[in-house]
Amino acid sequence: MKQFVSVPFEEMSLSRSDTSKAGKAEKPPWYRRPGLIATGAVFAVVGGVYVVAMPFVTPAFRRICLPFVPATDQQVKNVFKLLQGRKGSLVDLGSGDGRLVFEAAKQGFHSTGYELNLWLVWFSKMAARRRGLHKMASFYRRDLWKTDLSNYDQVVIFGVTQMMEPLKDKLSNELKVGGQVVACRFPFTDLTPIAAIEEGIDSAWLYDRTSFQPAEKHSKS
């Protein structure tokens, strides 16, 4: 005669649960999974670079797209070769990271940088204070098309071709008597410079107020 041994229901449930757990490998916590940590680290680095770099390479909303391309050391030198012997106030339109404004301050100009990219303005202000130039070099977030240029003795612009014609019209109305303009990379194609340094991408052209006057005015003067 067969004998049956009764097993409590609770013990049967526990046995089955233990068996199913034994058949499955437990996953380690996320901080013990090197692949997941490495992937997260890569995304963090890429995200950090994006956040830091994009304000410097992406143009702000502008009437004409003027991306930030840092001036070379030679370009800066050429600007001040053309302005040799000049003093007074200087404004850099689209001052970027401020390098030309800093050099102007070192050479005794009361220098101002106008830039629409807020990050670059902050960067330049901090750099000016760090270099001890903050009393001679000022930076403002300002649209050059809405800015009165009549108070400056020197105007410097690192422009692009599509902005030179409207800028010529603006300077014709606002450049002060005795004022000078240095155009870098791209000249005013229909104006005659009073001096020029032509060295490829480091080229610079110097204009004075008479350069912006119509031809008939030149003949009368």
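Helices and strands here are DSSP runs, a helix having at least four residues and a strand at least two, numbered from the N terminus. With that convention, the elements of this chain run α-α-α-β-α-β-α-β-β-α-β-β-β-α from the N terminus on. That makes 7 helices and 7 strands.

The average pLDDT over the chain is 79, and 66% of the residues score at least 70. Residues 45-62 fall below 50, and this stretch has 18 contacts in the model beyond its near neighbours in sequence. Residues 216-221 are also below 50, with 3 such contacts. Where pLDDT is low, the predicted coordinates should not be read in detail.

Now the chain as a whole. Of its 221 residues, 37% are buried. The accessible surface comes to about 14000 Å², and carbon and sulfur atoms hold 59% of that. Among contacts with a separation of 6 or more, 62% are between residues 24 or more positions apart.

α6 covers residues 161-174, which is 14 residues. From first C-alpha to last it reaches 20 Å, close to the 20 Å expected at 1.5 Å a residue. There is a bend of about 30° in α6, located at L167. L167 is also one of the buried residues of α6, and the others are M163, M164, P166, K168, K170, L171 and E174. What do the buried residues of α6 pack against? The answer is three strands: β1 (89-93), β4 (154-158) and β5 (180-184).

Last, the aromatic rings. The count is 8 aromatic pairs. Take F188 and Y207: why is this pair edge-to-face? The ring centres are 5.2 Å apart, and the planes stand at 85°, while the cut-off for edge-to-face is over 60 degrees. F188 sits in the loop between β5 and β6 (195-197), and Y207 in strand β7 (residues 204-208), so this pair links parts of the chain 19 residues apart. F188 is buried at a relative accessible area of 2%, and Y207 is buried at 0%.

F212 lies in the loop between β7 and α7 (215-220), so the pair with F188 ties together parts that are 24 residues apart in sequence. Like F188, F212 is buried.

Elsewhere, ring pairs link Y114, Y140 and Y152 into a cluster.

How values were computed:
Residues numbered from 1 in each chain as written. Predicted model: local features only at pLDDT ≥ 70, side-chain atom pairs only at ≥ 80, totals over all residues. Heavy atoms only, no water. pLDDT = per-residue confidence, 0-100. Contact = heavy atoms within 4.5 Å. Expected span 1.5 Å × (residues − 1). Bend = angle between axes of the 7 residues up to and from the residue. Buried < 20%, exposed > 50% of the residue type's maximum accessible area, 1.4 Å probe, protein only. Areas by Shrake-Rupley, 256 points an atom, 1.4 Å probe, with all protein chains shown as cover. Phe/Tyr/Trp six-rings, centres within 6.5 Å; stacked < 30°, edge-to-face > 60°.
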